[in-house]
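Hello,

Please find the structure below. My notes on it follow.

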Amino acid sequence: MKVYQILDIYSDQNGINVWLYNEKERIHIKKPYQPFFYFRKNESVKRLLQKKFKNIKIVKDIKIDLIDGEIEVYKVIAKNPLTYNKIISFIKYSDIFTETDFYNIQLSPETLFMFEKKIYPFCKLEKTEKNGRCSFKKIDDLDLLDYEILPLRIMYIDFELEIGKENLRFLRHIPTLTIKFNEDEKSIVIDNDLEYLQELLIKKDPDIIIANYGDDILIPNLFEKGLKFLNRDNLPVIKKEGKSFVSYGQTVYTADMSLLLGRIHIDPKNSFFYKEVGLDGIIELSRISSLGMQAVARTTIGTPITYMEMRNAYENNFLIPYKKNQPEDFKTLEQLIKIDKGGLTLKPLVGLFENVAEYDFFSMYPSIITNYNLSYETINCKHPECEKTLPYTNYRICTKKIGIVPQTLKWLLERRLKYKQLLKKEKNQIYDNRQKALKWLLVVSFGYLGYKNAVFGRIESHEATTSIGRQLITFVKEILEAKGFRVVHILTDSIWVYKHDYTMDDYKKMEEYLNKRINEKFTVVNPDGIPFKILLEGVYDWIVFLPSKSDSVGVSNRYFGKFSNGEFKFRGIDLRRRDVPEFIKNFQLEVFEHLSKGKNKTEFLKLIKDIDEIFNKHKQKLLEGDFSLKDLIIKKKVSKDPNSYQKRTDLSEVAGTLLKEGFNLNPGESVNIIYILDKFVKAMPLEIYLTNPKPINIEKYLKMLEESKIGLLPKKLFGNVLR
Amino acid sequence: MGKTIPSATGIVSLKQKEYSEFRKALRKEDKEVLDKLFAYAKFHSPAIGCSNQFFPMESIILSMLIEMQKEIDRLKAQIEKNESVSNT
C-alpha cells in the first residue's frame with residue numbers, strides 16, 4: 001500500500017494529468033476526461049451546438065437553479081477538454097447566446113474533475129493494485145486541521161543586488177544566481193553556467209521552484225536560453241500576459257505569469273499570498289478551494305472564496321450561474337440614501353489619551369453574513385413562507401435554506417477559530433500561517449457580496465451586511481456610554497473608549513458583559529450561526545490620534561499608541577507607508593523606541609520633549625552624508641500609462657526617463673525614485689541613477705524629515721482641537 | 001456600497017465647494033471662521049451621513065451648532081471656575 005499526495009493537476013487536449021508524489025517517487029497519471037456544462041432547455045441552442053460541434057453529447061436533465069429552483073436543462077458532455085474549451089469560447093465570444101442561460105461554464109476541466117471526484121491539491125491518496133490494475137482511493141478529509149504534507153523538494157533561485165530594492169525589470173543584465181535546495185542546505189552560486197543549472201535541475205528534480213522575478217524575467221529567459229525540463233514532461237512553459245486593473249481606486253499591476261506543469265513555480269515578487277502567508281498558507285488555500293498552487297499564489301484574494309462557493313454549490317447539486325439574471329432591485333431615492341452606506345465611523349477626538357481600551361468585533365461582517373443568512377439567493381427569495389425581514393433594510397430573508405455564501409463562510413470562520421484555539425495551546429508557525437491565510441479570505445468575503453461580477457454577489461446582501469454592522473457597533477457605543485465611558489473613536493468594527501480609573505480587569509469584565517448583551521439583542525436568522533464576539537484588543541498606556549493636515553479634524557485610522565503589554569500599534573503614519581524612504585522610518589522608529597518607556601500620559605509628555613534631539617541626530621546624518629543610497633529610495637506606483645502624464649511630477653519624470661531608456665512601464669507598476677540636483681529633472685529612477693549618478697538633493701530629504709516630525713507632533717495636537 | 005450616494009465626508013466637502021462663491025465674497029477673517037465651521041461639520045460627518053436627509057445642509061448646520069454650543073459651555077465653565085477662584 002502506497003500513499004501519495006496530489007502535487008499538480010492540469011488538463012490537456014485529451015484528459016486530465018495528475019502528478020502525485022511521496023517520499024520516494026513522483027508519478028504522472030493521464031486520465032481521459034469528458035467535461036460537461038449545462039444550459040436552460042432551449043431547442044435552438046441545442047440544434048446550433050449539435051450542428052457546430054461533432055464531439056459532443058447533449059442529454060436532458062433536471063437541476064436546481066439557485067433562484068428558480070428545479071428547472072429543465074440540457075447537459076452538454078464534450079468528448080475531451082479540447083472540445084470543451086472550444087465550445088466554451090464559442091459561447092463566451094459569440095453574441096448569439098443569452099449568457100444567463102448557461103451554467104458551470106466558468107469551470108475549467110481540471111476544476112470540474114476535482115469537484116466531481118471531491119479531491120484537491122495535496123489531497124492524500126492510497127494506491128491499491130488488483131489484477132494488474134491500479135486504482136487510487138482518497139484517504140483525506142478537508143476538515144482536518146493537522147493534515148500532513150509529505151516532504152517536498154524545494155528549489156530557491158535568488159540573486160544578490162547591490163541595493164536590495166531595484167526592480168530587476170529595469171536592469172539590463174541577469175545577475176549571478178544563487179541556488180538553494182530546501183532552506184537549510186548550502187547555496188550554490190551559478191554565474192552564467194546553464195549546463196550546470198540543467199544538471200542540477202535534472203538531478204535534484206524539485207517539486208517547487210521559488211524564484212524572485214521568476215514570472216516575467218527568470219523563467220522565460222532560462223527557457224528561451226534552452227534550459228530543459230523546467231516542466232516535468234519537458235513541454236514549453238505556459239506564459240500568461242500581465243495586466244493592469246483598478247481596484248478600490250488603486251491601479252494594480254500583476255506581472256506576466258510563467259506557469260509550469262508537474263512542478264510548481266512561485267515568484268515571491270508576484271505573489272501576495274507567498275509574502276503574507278508563505279507556502280503553508282498557499283497549500284491551505286489550495287486545499288480548501290481546489291485551486292492549483294500556482295493559481296493561488298498569483299490570484300487576487302477573492303478567487304479562492306469564489307472557488308469554495310462554487311464547489312459548495314456543485315456539491316449541493318446547484319447549477320453555478322455563469323452570468324446572473326438578477327439585476328439590482330428597484331429602490332426609491334429615499335431608500336437609496338438610507339441604505340447605500342458603509343460601516344459606521346466616528347471621527348477620533350484628536351490628541352493624547354491614556355488608559356484607552358480598544359474593543360474589536362471578531363470577523364464582524366462574515367459573522368453577520370453567516371448569522372443572518374445573507375447570500376445571493378436568500379435575499380427576497382421566492383418562497384412565500386419566508387416572511388422574516390432584516391432589521392433596517394427590511395429585505396425579506398430566506399428561512400428555509402442556508403445560502404451558499406453563509407455556508408462557506410461559516411466553515412471558514414469555524415476553521416480559523418479552531419486554528420486559533422490550537423495556537424493558544426502551543427506556538428506553531430504552520431498553523432499561524434494557515435489561520436492568517438483564512439483571515440484574508442474572511443476580510444474580502446464581504447466585499448465580494450457587493451461585487452457585480454462575483455458569482456454569488458448581490459448588492460442587497462452587501463447593503464444588509466453594512467446596515468447590521470452599523471447597528472451592532474452603535475449598540476455597543478450606547479451601552480458603553482450609558483456605563484459612563486467616553487467614546488474616542490469608532491471605525492466600522494472597532495471602538496476606542498476610556499473610563500477614569502478603569503483597570504485591565506474591569507475592561508475585561510466589560511467585554512464579557514458586551515458579548516452577553518449583543519447576543520441577547522441580535523436575534524439571528526440562522527440557528528446554526530456563530531455567536532457574535534467582541535474582543536478586548538488591549539488597553540493603551542497612551543495613544544495619540546492625529547488630525548488631518550488641512551484642518552484640525554481627526555482622521556479615521558491615523559494614530560499611534562502603546563499597549564500595556566509593550567506592543568505598539570501604528571496606523572496611517574509614515575512608518576507604515578510604502579512611499580516613505582527608509583531613513584524617515586528609522587527616525588520614527590527611534591522616536592517610538594524612546595517613547596516606549598512611557599507608561600502614561602505624563603511620562604509620554606516628558607519623553608516627547610526629546611524628539612528634537614533625535615530629529616537633529618538624523619538631520620546631521622543627512623547633512624554629513626552618513627547614509628546609504630537604499631535609505632533614500634521612494635517607492636511609488638505609476639497610476640496610468642506613462643505617456644499620458646500631463647503635469648510634470650517626480651513620478652512622471654521617472655516614468656519618462658525609464659521610457660526613454662527603453663523600459664515600458666505598465667500602470668500599477670512600482671518605480672524607485674531618487675531626488676537629485678539637476679537642471680532639467682528633480683527625480684531619477686534608481687536603476688538609471690546607479691549607472692549615471694548625480695548629486696543628491698539633500699534639501700528635499702531634509703524637508704521630508706521635517707514634515708515627518710510635524711506629522712507625529714502637529715502644532716494643533718495639544719492646543720485648540722475638537723474635544 | 002454601490003457608491004451611488006457620496007460618502008458622509010464627501011457630502012460635507014461637496015457642500016463646502018458649493019459655498020465657495022459665498023466664501024469668496026467674505027472678508028479674510030470671516031473666511032477663516034467659515035472654514036472652522038465646516039471643520040466642525042466634518043467632525044460630525046458620520047452623523048450627517050446617518051441622518052438620511054435629502055438636503056444635508058440642515059444636518060451640517062446642526063453639527064456646527066453642536067460644536068459652537070460645546071464651545072460656549074466650555075467657556076462658561078471656565079468663567080465659573082475663574083469666578084470661584086477670585087471669590088475665594
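**Contact between the chains**

The contact takes 18 residues from chain A and 11 residues from chain B; two residues are in contact if their C-beta atoms, placed from the backbone, lie within 7 Å. On the side of chain A that touches chain B, the elements giving two or more residues are α9 (333-339), β19 (345-346) and α14 (459-482) of chain A. Helices (H or I, at least four residues) and strands (E, at least two) are DSSP runs, numbered from the N terminus. That side of chain A divides into 7 nonpolar, 6 polar and 5 charged residues. Here Ala, Val, Leu, Ile, Met, Phe, Trp, Tyr, Cys and Pro count as nonpolar, Asp, Glu, Lys and Arg as charged, and the others, Gly among them, as polar.

This is a predicted model, in which local features need pLDDT of at least 70 and side-chain atom pairs count only at pLDDT 80 or more, while totals for chains, interfaces and linings use all residues. Residues are numbered from 1 along each chain as its sequence is written, and chains are lettered from A and ligands numbered from 1 in the order in which they are written.

**Cores**

A nonpolar core is a set of buried Ala, Val, Leu, Ile, Met, Phe, Trp, Tyr and Cys residues joined through C-beta atoms within 7 Å. A residue is buried if 20 or more other C-beta atoms lie within 10 Å of its own, exposed if 12 or fewer, and partly exposed in between, with C-beta atoms placed from the backbone. The largest nonpolar core has 166 residues, of which A:I6, A:I282, A:I369 and A:I674 touch the most other members. Strand β23 (residues 534-547) of chain A gives the most to this core, with 8 residues. Leaving out residues up to four places away in sequence, A:I282 touches A:F273, A:Y274, A:V277, A:M293, A:V296 and A:A297. A second, separate core of 11 residues includes A:V553, B:A8, B:F38 and B:I48.

**Two sheets in chain A**

Five strands form an open antiparallel sheet in the order β3-β2-β1-β8-β9 (chain A); two strands pair if DSSP finds at least two bridges between them. β3 (26-32) and β9 (133-138) of chain A stand at the edges with a single partner strand each, so one side of each is left without a neighbour in the sheet. The twist averages 40° from one strand to the next. Axes are lines fitted to C-alpha atoms, for helices over the stretch in contact, and angles run from 0 to 180 degrees between N-to-C directions. Strand β2 (residues 15-21) of chain A is joined to β3(A) by 7 bridges, and A:L20 has A:I27 as its bridge partner in β3(A). Helix α3 (residues 109-117) of chain A lies across β1 (2-11) and β2 of chain A, at about 145° to β1(A).

The other sheet is open and antiparallel, with 3 strands in the order β26-β27-β28 (chain A). Its twist averages 45° from one strand to the next. Helix α19 (residues 650-660) of chain A packs on this sheet and touches β26, β27 and β28 of chain A. A:I674 has A:M684 as its bridge partner in β28(A).

**One residue**

A:V252 is in strand β16 (residues 250-254) of chain A. With 16 other C-beta atoms within 10 Å, A:V252 is partly exposed. Its C-alpha atom is separated by 10.0 Å from that of A:K640, 388 residues apart along the chain.

Regards
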